[in-house]
Amino acid sequence: ERFGLWISFYPFSQDEYLAIVDQWLGHWGVSAEQRQTARPLALIWALERGSRSGRVAYQFARDYAGGQGAAWAAQAEAGAPQ
């Protein structure tokens, strides 16, 4: 209020969020097939954190590309809780 300037940050749509996740995963060399597998996991990640933001997308992609992705995908295929 001090300067009369308002800056608003609105949550991304689901498609925007997934596009950002895909971009980060590609940046870290995750294959296209693995990126498709990561989509539902990225949505769960966002729900657990209560936000679809660039920061959340980056954190998911970093963790997924850092080795967590294979374990998550195996759990998802087995139907085990995350």
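A few ground rules come first. The model is predicted, local features need pLDDT of at least 70, side-chain atom pairs count only at pLDDT 80 or more, and totals for chains, interfaces and linings use all residues. Residues are numbered from 1 along each chain as its sequence is written, and side-chain values use heavy atoms, with hydrogens and water left out.

The overall picture is simple: the protein has three helices and zero strands, giving the pattern α-α-α along the sequence. Here helices (H or I, at least four residues) and strands (E, at least two) are DSSP runs, numbered from the N terminus. Of the 82 residues, 23% count as buried. Buried means under 20% relative accessible area, exposed means over 50%, and partly exposed is in between (1.4 Å probe, protein chains only).

Helix 1 has 14 residues, and its end C-alpha atoms sit 20 Å apart, in agreement with the 20 Å it should span at 1.5 Å a residue. That expected span is 1.5 Å times one less than the number of residues in the helix. Tyr 17, Leu 18, Val 21 and Leu 25 are the buried residues of helix 1. Looking down the axis of helix 1, these buried residues fall within an arc of 95 degrees, so they line one face of the helix; the arc is that of the directions from the helix axis to the C-beta atoms. Just after helix 1 comes Gly 29, with a positive phi of about 80 degrees.

Helix 2 covers residues 32-49, which makes 18 residues, and reaches 25 Å from its first C-alpha to its last, close to the expected 26 Å. Helix 2 isn't straight throughout: there is a bend of about 35 degrees at Arg 39, with a proline, Pro 40, following within four residues. The bend is the angle between axes fitted to the seven residues ending at a residue and the seven starting there. Ala 38, Leu 41, Ala 42, Trp 45 and Ala 46 are buried in helix 2. After helix 2 comes Gly 50, whose phi is positive, near 70 degrees.

Next, the charged pairs. A salt bridge is a side-chain nitrogen of Lys or Arg within 4 Å of a carboxyl oxygen of Asp or Glu, and by this rule the count is three. One of them joins Asp 22 and Arg 35, whose closest N and O atoms are 2.8 Å apart. This pair links distant parts of the chain, with Asp 22 in helix 1 and Arg 35 in helix 2, 13 residues apart. Asp 22 is partly exposed, at 31% relative accessible area. Glu 48 and Arg 49 also meet in a salt bridge, 3.3 Å from N to O. Glu 48 is exposed at 53%, while Arg 49 is partly exposed at 39%. Arg 62 and Asp 63 form a salt bridge at 3.6 Å, N to O. Asp 63 is partly exposed at 26%, and Arg 62 is partly exposed at 39%.

Finally, Phe 3, Leu 5, Ile 7 and Phe 9 make a nonpolar surface patch of about 590 Å². Patches are made of residues with over 30% relative accessible area and no salt bridge, like charges being joined within 9 Å and nonpolar side chains (Val, Leu, Ile, Met, Phe, Trp, Tyr) within 5 Å. Accessible areas come from the Shrake-Rupley method with a 1.4 Å probe, and for residues only the protein chains shown count as cover. Phe 3 lies in the segment before helix 1 (14-27) and is exposed, with a relative accessible area of 70%.
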